[in-house]
Amino acid sequence: MRITALVTLAAAVLTFTDASPIARRPHLSGGHAVPLTRNASYKHNTRAQIAKLNKRYPGLQILSASTGHVPLTDVSPDLEYYGTVSVGTPAQNFKLDFDTGSSDIWFPSSTCTTTACKAHTRFNSAQSTSYKADGRSWSIAYGDGSTASGILGSDLVNVGGISVRQTIGLATKESSQFGSSPEDGLFGLGFNTIESVSGVKTFLDNAIAAGVLAQPVVSVFLPSERLFNGQGGEYLFGGIDSTKYTGSLTYVPVTQKGYWQILVQDASYNGASLGQTSQGIVDTGTTLIIVGDAAAAAIHKKIPGSVNDPNNGWLVPCSAASSTDKIGFKLGGVTFNVPVADLAYEDLGDGSGNCFSGVQGGQNGLWILGDVFIKNNYCVFSQTSAPSIGIAPLAV
């Protein structure tokens, strides 16, 4: 008989076993009593007790709340960040782009024969003993015009040691844009209201419901090449790493569930208000910061030599990489800064000395605070009954 128990208190484990000896037992007539001695140095370890029980009784599966650490690879120049996720039994590993701006988890199926699919690791459902067919079709489209489609299935998805049964999208078609991507697919961290197929629960939904996360959060540290040489990035499921930020976290309430949407109360330059406000989303799947046209113009007006090029968008002099100026975004009453040095994103390559700006326009009404913002500010995506994003400046 298979027994699944959710252990949330150390006392619950003690009902199974307690390694601390008992001082006295009643005397048994006709028997031989063996005296026990209490170990004064004994310290109870709930996780160790759970592991011992699971090993001793293979049919017993006790789940303990925990954290999952996923190291990241920075694709130069801070273009995107991906980590490894294991799927199925035995595990098949995939490099996935963690994206708070979408909610689907997907990667190519072994049945996909497009050029883009064949350039990546493909999931072979026949080789996984834990795979379950779903039968529903699935498709998704992104803001850059890329698309993927296929079928749904479910399997065990393991993220940094956190494992739950999860509905996954298996792509049988991928658009050509994915062919050059270093990652195999995407791992959506948005809310289930923007799942491509209605009724599908997200990984966070399932992990929270199963009680396997110590906290209902995902914390994000994206290291820039400028500050950290792109090294040490992580997604921390179920926990918060206080060594990654300075001061305290400011929790900004989510104004609408779908994306991680919040109110941007103001934009500023070197602390001076630019008189700009908007709803916005914090999106790990977008490289740049994209604001409204008026806000983009107000920001770049402060940067000498900036130009709005009709073919390439906003450009700044590459010499801005040595600037000590800052732009700020007021969230939850606190201003979080982005150095102008990070606006000199990438050299245009035409000898003009201009760089693509890390801030672009075109998002009137719903700004996107992408990786250029997040690689300067630690972000905790908290999926409680009143969801919020905890933000604090990175410890440098």
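Asn270 sits in the loop that runs between strand 17 (266–269) and strand 18 (272–273). I begin there, in what is a predicted model, because its backbone deserves a comment: the phi of Asn270 is near 50°, a positive value in a residue other than glycine, and Asn270 is partly exposed, with a relative accessible area of 46%.

Let me turn to another asparagine. Asn229 also has a positive phi, in this case of about 55°, although Asn229 is not a glycine. Where does Asn229 lie? Its place is the loop between helix 5 (225–228) and strand 13 (234–237). Is Asn229 buried or exposed? With a relative accessible area of 58%, Asn229 is exposed, since the exposed class begins over 50%. The 46% of Asn270 falls in the partly exposed class.

Ser76 and Pro77 are joined by a cis peptide bond, for which omega is about 0°. Pro77 belongs to the loop between strand 4 (73–75) and strand 5 (80–87).

Which loop holds Pro90? Pro90 is placed in the loop between strand 5 and strand 6 (92–99). The peptide bond leading from Thr89 to Pro90 is cis, and its omega is near -5°.

Conventions. Residues are numbered from 1 along each chain as its sequence is written. This is a predicted model: local features need pLDDT of at least 70, side-chain atom pairs count only at pLDDT 80 or more; totals for chains, interfaces and linings use all residues. Side-chain values use heavy atoms; hydrogens and water are left out. Helices (H or I, at least four residues) and strands (E, at least two) are DSSP runs, numbered from the N terminus. Buried means under 20% relative accessible area, exposed over 50%, partly exposed in between (1.4 Å probe, protein chains only).
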